Amino acid sequence: MKRKWASTKRPDHSRKPHVVIIGGGRVGQTLGRLLSDQGYVIDSVVCRTSPAARAAQRFTRARRASSLISADLFPSAQIVFITTPDARIARTSLLLSRLAVDWNGKIIFHTSGALSSRELAALSAKGARVASLHPLQTFPSPIEGVKRVRGIFYTFEGDPGTEAMARKLVRELDGRLVKIRARDKPLYHCAGTFACGGLLAPLSVAYELYGKIGIREKTARAMLKPLVNATVELAQNSDLRKTITGPISRGDAVSIAGHIRALAEVAPQFETLYKFLSLRMLELVGASIPREMSRMIKRLLA
Ligand SMILES: NC(=O)c1ccc[n+]([C@@H]2O[C@H](COP(=O)([O-])OP(=O)(O)OC[C@H]3O[C@@H](n4cnc5c(N)ncnc54)[C@H](OP(=O)(O)O)[C@@H]3O)[C@@H](O)[C@H]2O)c1
């Protein structure tokens, strides 16, 4: 059976740069597979264990799998992706910089959203050109990743000498490149966290509250799916302030008081979260509800 992520493209390995991937996890495998589809040669993929490296090799069609970082991985590599967890990037950069490798002219990217290219200072000191190139997408697995990267944004910052290559890679991955300042990365990443896992936290509360009235999570997911999908879709295509519905947007203090009473009785641990989120919604609806209603709701949420 043909797998969903199987590419129909025939890679042209004749002219494209050679790539090494250090950290063949969710992002490393996704990028490796897509670059391989585009004709890039994935020279090696490195993981901590041999089984993981071999699995990553199969997925990315790398020539070699390794559980060790050694100089012989790099002779023909022009691009190195460090796709280890954030906490390992600087250490990996240091390890690489100590190898007997001529780093001059090689381009090193890491893919962290929160960290800047400064994590790669050790390699930069050895002549490599370094940058961060963050794919703004969620990668729960390489298979899901491959399905969801078309059209995404990649944020770039680092050595200007890497920009042309970053643009070329992003173009070939069907993405769009946006430049960012190193100092803005933590806030940029924080925003992404609100837009990704941050959306799921209140949703998990909704499932749990349904559980309190005897609705199982599977049913809760099905029941809430049309509501969640419509909300996200509308929010993406129009002004958030005009998208909000529900008691806050109607100035319905009676319903809000009822919610707070119900939470206090059955799930008091969510009362603070409810109040925080409601205050934010109140800010968003702003002057569209009468000032007196707004004041009354604020008192309830205080
Ligand atoms: N996942 C996302 O949604 C996402 C989205 C955008 C950007 N990012 C960024 O992309 C990077 C990778 O994230 P990820 O989610 O792909 O991580 P991941 O799935 O946990 O994969 C990390 C990979 O690094 C390997 N590794 C760990 N320590 C290593 C070391 N010291 N030397 C060599 N390899 C090492 C692991 O090896 P084993 O397989 O043997 O454990 C694994 O293959 C991070 O900077 C992250 O912030 C992630």
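**Labels and the values behind them**

Analyst: Start with D174, which counts as exposed with 12 C-beta neighbours inside 10 Å. The model is a predicted one.

User: What makes D43 buried?

Analyst: The cut-off for buried is 20 or more other C-beta atoms within 10 Å. D43 has 21, and therefore counts as buried. D43 belongs to strand 2 (residues 41-46).

User: Which residues does D43 touch, beyond those up to four places away in sequence?

Analyst: D43 touches H18, V19, V20, A62, R63, R64, L73, S76 and A77. Take A77: it is 34 residues from D43 along the chain, and the two C-alpha atoms are separated by 7.0 Å.

User: Why is R61 called partly exposed?

Analyst: Partly exposed lies between the two cut-offs, 12 or fewer for exposed and 20 or more for buried. R61 has 18 other C-beta atoms within 10 Å, so it is partly exposed. R61 lies in the loop between helix 2 (50-60) and strand 3 (64-66). Its phi is positive too, about 60°, and R61 is not a glycine.

User: And S97, is it buried, exposed or partly exposed, and what makes it so?

Analyst: S97 has 19 C-beta neighbours inside 10 Å. Buried requires 20 or more, so S97 counts as partly exposed. S97 is part of helix 3. It touches A122, L123, A125 and K126, leaving aside residues up to four places away in sequence.

User: How many bridges join strand 4 to strand 5?

Analyst: Four, and the two strands run parallel. Strand 5 covers residues 107-110. There, H110 is the bridge partner of I82.

User: What makes strand 4, helix 3 and strand 5 a right-handed unit?

Analyst: The test is the path from the first strand over the helix to the second, viewed with the strands pointing away: clockwise means right-handed. Strand 4, helix 3 (residues 89-97) and strand 5 make a right-handed β-α-β unit, so their path runs clockwise in that view.

User: Which other elements make a right-handed β-α-β unit?

Analyst: Strand 7, helix 6 and strand 8 do. Strand 7 (residues 153-158) and strand 8 pair in the parallel sense over four bridges. In strand 8, L177 is the bridge partner of Y154.

User: What surrounds the ligand?

Analyst: 25 residues do, and the closest are G23, G25, C47, R48 and A52. The shell divides into eight nonpolar, 13 polar and four charged residues. Helix 1 (26-37) and strand 6 (129-135) each supply at least two of the shell residues. Helix 1 gives the largest share, three residues.

User: How many helices and strands does the protein chain have, and which domains?

Analyst: The protein chain has 14 helices and eight strands. It is divided into domain 1 (18-184), domain 2 (196-237) and domain 3 (240-302). The C-alpha centres of domain 1 and domain 2 lie 35 Å apart. Of the 302 residues of the protein chain, 30% count as buried. The C-alpha trace spans about 70 × 45 × 30 Å along its principal axes.

Note on methods: Residues are numbered from 1 along each chain as its sequence is written. This is a predicted model: local features need pLDDT of at least 70, side-chain atom pairs count only at pLDDT 80 or more; totals for chains, interfaces and linings use all residues. A residue is near a molecule or strand if its C-beta atom, placed from the backbone, lies within 6 Å of it. Ala, Val, Leu, Ile, Met, Phe, Trp, Tyr, Cys and Pro count as nonpolar, Asp, Glu, Lys and Arg as charged, and the others, Gly among them, as polar. Two strands pair if DSSP finds at least two bridges between them. Domain bounds come from an automatic or database domain assignment. Two residues are in contact if their C-beta atoms, placed from the backbone, lie within 7 Å.
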